[in-house]
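Subject: Structure for your review

Dear colleague,

Please find below the structure that I would like to hand over to you. My notes on what was found in it follow directly after it.

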Amino acid sequence: MSKKIYERPVLVRHQMGMMNKFSRTGAARPMTEIAGVPVEELVKAYGSPLFVFSEKTIVERVRELREAVSLRYPKVRIAWSYKTNYLDGICSIMHREGSWAEVVSEFEYDKAIHLGVPSERIHFNGPYKPASALKKAFEGNSMVHIDHFDELALAEKVAESLKLRPGVAIRLNMTTDGTPAWGRFGFNLEGGQARDAVRRIQVGDKMDLVGLHCHLGTFIQ
């Protein structure tokens, strides 16, 4: 066996300006202030590294989004995804601007309630919802999005034990141009899974189907 030739490690300097995951070019220009406050003052007061969020910018962006979408869809409902950033301050700003809460765990559900979000203004997504989480959501009249048949069976049992008839949605997967097929969770439209799930809800007579959750891919809703 011949001895492998030693290859000297090479460090490659990171080049700014390349395309990022949003298909945009990264800006190399440093910021000297945030919302009118010099960065030097912020670092001097709070140290570094430091994460800073501009309340003014957040409010402007969510209002721009609502105005743009509502021109075409007047009944649009905006919900803040807690998994994006569940800092109390950020969530509170979004809710103050009228956003509902979109959560994917019992922890996030409890946080939304703690922040004063009415339970009926919470969308509960995610592939794992234990019986305790479904119980809270059903009792609070929250919108629960069912992700798979095991969860559907558990939801039926919880609803029956509570003697409630909750409204639920199902997560629908479908093949679309430009996006890869998704199959980790959710009900596939192709192959009949989604149709079977809808039929089971209707025939089971324990819950009402009141919505469809369609997630085409990260950053594409």
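The buried residues of helix α3 pack against α2 (55–70), β3 (79–81) and β4 (100–103), where contact means heavy atoms within 4.5 Å. Those buried residues of α3 (residues 88–96) are Ile90, Cys91, Ile93, Met94 and His95. Buried means under 20% relative accessible area, exposed over 50%, and partly exposed in between (1.4 Å probe, protein chains only). Helices (H or I, at least four residues) and strands (E, at least two) are DSSP runs, numbered from the N terminus. After α3 comes Gly98, which has a positive phi near 100°.

Please note that this is a predicted model, in which local features need pLDDT of at least 70 and side-chain atom pairs count only at pLDDT 80 or more, while totals for chains, interfaces and linings use all residues. Residues are numbered from 1 along each chain as its sequence is written, and side-chain values use heavy atoms, with hydrogens and water left out.

Salt bridges

A salt bridge is a side-chain nitrogen of Lys or Arg within 4 Å of a carboxyl oxygen of Asp or Glu. By this rule there are 15 salt bridges. One of them joins the side chains of Arg96 and Glu55 (2.8 Å, N to O). Because Arg96 belongs to helix α3 and Glu55 to helix α2, this pair ties together parts that are 41 residues apart in sequence. Arg96 counts as exposed, at 51% relative accessibility, and Glu55 is partly exposed at 40%.

Glu97 also forms a salt bridge, with Arg63, and the closest N and O atoms are 2.7 Å apart. This pair links Glu97, in the loop between α3 and β4, to Arg63 in helix α2, 34 residues apart. Glu97 counts as buried at 12% relative accessibility, whereas Arg63 is partly exposed at 48%.

A further salt bridge is found between the side chains of Arg200 and Glu156 (2.9 Å, N to O). Here helix α7 (residues 193–204), which holds Arg200, is linked to helix α6, which holds Glu156, the two residues being 44 residues apart.

Aromatic rings

How many aromatic pairs does the structure hold? There are three aromatic pairs. Rings of Phe, Tyr and Trp (its six-membered ring) pair if their centres lie within 6.5 Å; planes under 30 degrees apart count as stacked, over 60 as edge-to-face and the rest as tilted. Tyr109 and Phe124 are stacked, because their ring centres are 5.6 Å apart and their planes lie at 20°. This pair links Tyr109 in helix α4 (residues 106–114) with Phe124 in strand β5 (residues 122–124), 15 residues apart. Both Tyr109 and Phe124 are buried.

Phe149 and Phe187 have ring centres 4.9 Å apart and planes at 80°, so this pair is edge-to-face. Phe149 lies in helix α6 (residues 149–162) and Phe187 in strand β8 (residues 187–188), 38 residues apart. Phe149 counts as partly exposed at 30% relative accessibility, whereas Phe187 is buried at 1%.

A buried alanine

Ala133 lies in helix α5 (residues 131–139) and is buried, with a relative accessible area of 1%. Leaving aside neighbours within four places in sequence, Ala133 is in contact with Glu106 and Phe124.

Yours sincerely
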